[in-house]
Amino acid sequence: MKKSLGAVAVAAAVALSLSACSGSSSEEAAKGEISYWLWDANQLPAYQQCADDFTKANPDITVKITQRGWDDYWSTLTNGFVGGTAPDVFTNHLGRYGELAENNQLLAIDDAVEKDKVDLSAYNEGLADLWVGQDGKRYGLPKDWDTIGLFYNKGMLAGAGITEDQMKDLTWNPEDGGTYEKVIAHLTVDKNGKRGDEPGFDKNNVDVYGLGLNGGGDSSGQTEWSYLTNTTGWSHTDNNPWGTKYNYDDPKFQESMDWFAGLAEKGYMPKLETTVGAAMADTFAAGKSAINAHGSWMIGQYTGYKGIEVGIAPTPVGPEGERASMFNGLADSIWAGTEKKDAAIKWVEYLASADCQDVVASNAVVFPALKASSDKAAEAFKAKGVDVTAFTEHVKDKTTFLYPITDNTAKVKGIMETAMDAVVSGKAPASSLTQANEQVNALFK
Amino acid sequence: MTTLAKHPGSAPPAAASPKPQGSYRRFGDLRIALLFIAPALIGFVFFYVVPTIRGIYLSFTEYNILGDPEWIGLDNYTAIAKDPLFWNSLAVTGQYVFLNILLQTALALGLALLMHQVAKSTIIRGALLLPYLMSNVIAALLWFWMLDYQIGVVNQFIEWSGLPRIAFFGSEEWAIPTQALINTWRHMGYTALLIFAGLQAIPGHVYEVAKLDGASAFQTFRKITIPLLRPVLVLVLVVTVIGSFQVFDTVAVTTAGGPVNATRVIQYYIYQRAFTESDFGYGSAIAVILFLILALVAFIQMKFLKGNESDLD
């Protein structure tokens with residue numbers, strides 16, 4: 001009796017541990033309803049269309065899409081992994097997938113990609129390789145990409161006598177800020193109507209800031225400062241992807257950050273403390289800033305505001321003679337605990353195919369990962385009257401650098417968020433980042 | 001609000017029958033008693049006792065929730081002792097509790113006296129409770145918008161009256177007072193209600209005697225009302241202090257610990273370490289420390305304020 005009880009317990013334990021990996025037979029795994037999560041509400045209509053088309057082509061499989069806001073997305077997902085309620089397929093981020101792969105939460109899809117002959121060279125350069133983990137296995141197929149550009153208020157530019165061509169040829173350096181700082185200063189207006197570069201400018205009573213501020217930028221500075229810091233030859237980590245040492249202690253980087261924080265000190269950019277709350281794009285729409293550096297995923301929002309003419313310029317050319325933009329991309333990944341493995345793979349491959357990415361392109365919300373679909377998206381934007389070359393140029397000219405992909409990204413972000421806020425708010429000099437950098441690099445020992 | 005407040009009062013085991021009628025009857029009583037105790041007991045065991053014990057266990061492990069916990073002894077605790085962010089969170093929480101409790105108790109006492117002596121209308125008394133009925137998150141978000149630096153109505157008003165705008169949530173000086181004021185606003189009605197109940201329990205004849213002796217209103221308040229209110233005030237203080245130490249939701253939906261570390265209160269830091277940075281062992285260890293601090297604070301309050309004795313007896 002005792003023995004059989006033990007055997008039952010062992011069998012149950014084995015069954016439990018197996019159910020997470022394989023579970024059902026292949027026939028069942030290829031049909032039924034699969035769940036799919038994404039965080040951007042703007043993209044939901046396009047992907048719902050993809051799901052409907054997918055079911056039409058594969059009547060055995062239906063896709064249930066759930067959109068969850070970015071703020072709760074990752075903690076809800078982690079709870080799902082533990083509680084067994086995670087979606088079969090979900091939109092994944094470069095900053096997160098390393099840790100998920102390391103904890104065996106993602107399904108490697110190399111075999112399927114090979115068997116189904118997915119053409120990895122059809123994606124924009126480098127995008128497909130980003131989703132190969134440190135173990136050499138593939139954990140996702142790319143779905144889109146984004147770069148950074150300068151959104152500007154055309155009316156304010158005209159009022160300041162700055163031409164749109166001038167905006168296309170901005171230069172920047174960490175010593176005097178180049179023509180970028182000159183334009184920002186000239187676009188800044190105080191409550192008495194004095195411009196930022198005029199004598200008598202009151203930096204404590206600014207009406208319109210030349211440059212908007214999104215926040216301190218934490219570890220990546222994706223839209224805040226990386227489009228500047230990375231033109232100096234500096235990069236976030238020793239290697240990318242899978243670096244093991246961060247470089248926030250580099251004097252070159254710290255010089256750039258001192259310049260950036262100085263903009264707020266000079267009154268050309270809002271103080272960090274005043275930006276807690278209303279979103280940067282909304283304050284731009286309210287006429288509080290003339291230029292906002294932001295990502296291509298924001299095109300729809302910026303060009304959608306009523307009563308405000310918006311143009312988009314490329315980010316400035318840096319001291320080494322080139323522009324720079326972070327190149328970030330999302331992918332769709334499969335949860336290792338899925339019971340619908342085959343259906344999930346089919347859906348991921350469909351999401352990564354021209355059939356779905358062309359649908360996304362025609363919605364003109366983001367740039368799809370496939371080169372051909374990217375071009376279609378640019379055309380769709382053009383048809384809406386939006387010139388997006390500021391974003392596509394970075395990819396064409398290869399002036400992009402990757403979002404820093406490492407382990408411990410959540411902890412790095414936790415440390416750097418505080419340190420960067422202190423610097424950008426002027427509470428600490430950029431040299432204080434050396435200490436934060438030591439803390440960060442200690443995580444990799 | 002607090003874990004204490006949620007405990008259903010110590011459900012008395014069905015009164016023992018005065019005349020024992022054999023073991024069967026007593027057994028029957030026990031069964032019925034257990035039946036009535038069961039819901040509270042099961043909830044208490046599964047949602048308090050088990051998680052507490054598990055939390056204590058996890059505090060000695062390295063655990064990222066996706067893998068298995070790995071026993072590391074006291075490593076988390078020694079790391080916490082050297083963690084400046086932990087000490088910062090204690091300091092910040094201390095400031096918050098001090099401001100919140102001081103304002104909340106003073107205002108609630110004032111409101112309770114007004115309810116007792118002036119505002120006899122049930123509608124007005126009920127209205128005082130309205131902020132407390134609102135979800136914490138909704139209340140926090142409403143204030144977040146109203147106090148926004150750029151577009152908040154409060155700052156529009158401040159500017160209109162000729163004063164400089166205030167970064168209520170964004171400046172390190174204002175962030176904690178702002179959080180404390182929001183929660184004072186939300187909780188003072190409820191606290192006032194508790195004190196009001198205590199006021200009503202003070203027999204009227206005590207006041208009549210005081211009046212005959214020619215005591216002034218202030219003397220009556222100081223010499224009669226406050227001493228006789230003491231048991232209720234102690235209860236209110238214990239419950240509100242514990243609740244105040246656990247401030248989380250308003251911080252989470254507004255400043256998320258910032259600016260820099262100005263509002264990284266202890267509960268938020270626990271959440272950050274555990275749920276954002278997947279360091280559940282470390283988070284549990286801080287939670288255990290918070291548990292010990294709260295137990296100590298409650299013990300000191302009960303002991304020195306003599307909350308279990310009344311001067312009425």
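The model is predicted; local features need pLDDT of at least 70 and side-chain atom pairs count only at pLDDT 80 or more, whereas totals for chains, interfaces and linings use all residues. Residues are numbered from 1 along each chain as its sequence is written, and chains are lettered from A and ligands numbered from 1 in the order in which they are written.

In chain A, five strands form an open sheet with mixed pairing, in the order E6-E7-E8-E5-E9. Strands (E, at least two residues) and helices (H or I, at least four) are DSSP runs numbered from the N terminus, and two strands pair if DSSP finds at least two bridges between them. The edges of this sheet are strand E6 (189–190) and strand E9 (310–313) of chain A, each of which pairs on one side only. Within the sheet, strand E5 (residues 148–153) and strand E8 (residues 289–295) of chain A run antiparallel and are joined by five bridges. Phe151(A) stands opposite Asn292(A) in E8(A). Helix H8 (residues 178–187) of chain A packs on the sheet, where it touches strand E7 (206–211) and E8 of chain A. The direction of H8(A) makes about 160° with that of E7(A), the axes being lines fitted to C-alpha atoms, for helices over the stretch in contact, with angles from 0 to 180 degrees between N-to-C directions.

Ala331(A) belongs to strand E10 (residues 325–334) of chain A. Why does Ala331(A) count as buried? Ala331(A) has 25 other C-beta atoms within 10 Å, and a residue is buried if 20 or more lie within that distance of its own, exposed if 12 or fewer, and partly exposed in between, with C-beta atoms placed from the backbone. Beyond its neighbours within four places in sequence, the contacts of Ala331(A) include Asn92(A), Trp131(A) and Lys143(A); a contact requires C-beta atoms, placed from the backbone, within 7 Å. Between the C-alpha atoms of Ala331(A) and Gly295(A), 36 residues apart along the chain, the separation is 17 Å.

Where the chains meet, 24 residues come from chain A and 23 residues from chain B. On the side of chain A, helix H3 (70–83) and helix H17 (409–424) each supply at least two residues. H17(A) gives the largest share, six residues.

Chain B has 14 helices and two strands. Of its 313 residues, 33% count as buried. Among contacts in chain B between residues at least 6 apart in sequence, 70% join residues at least 24 apart.

Notes. Two residues are in contact if their C-beta atoms, placed from the backbone, lie within 7 Å.
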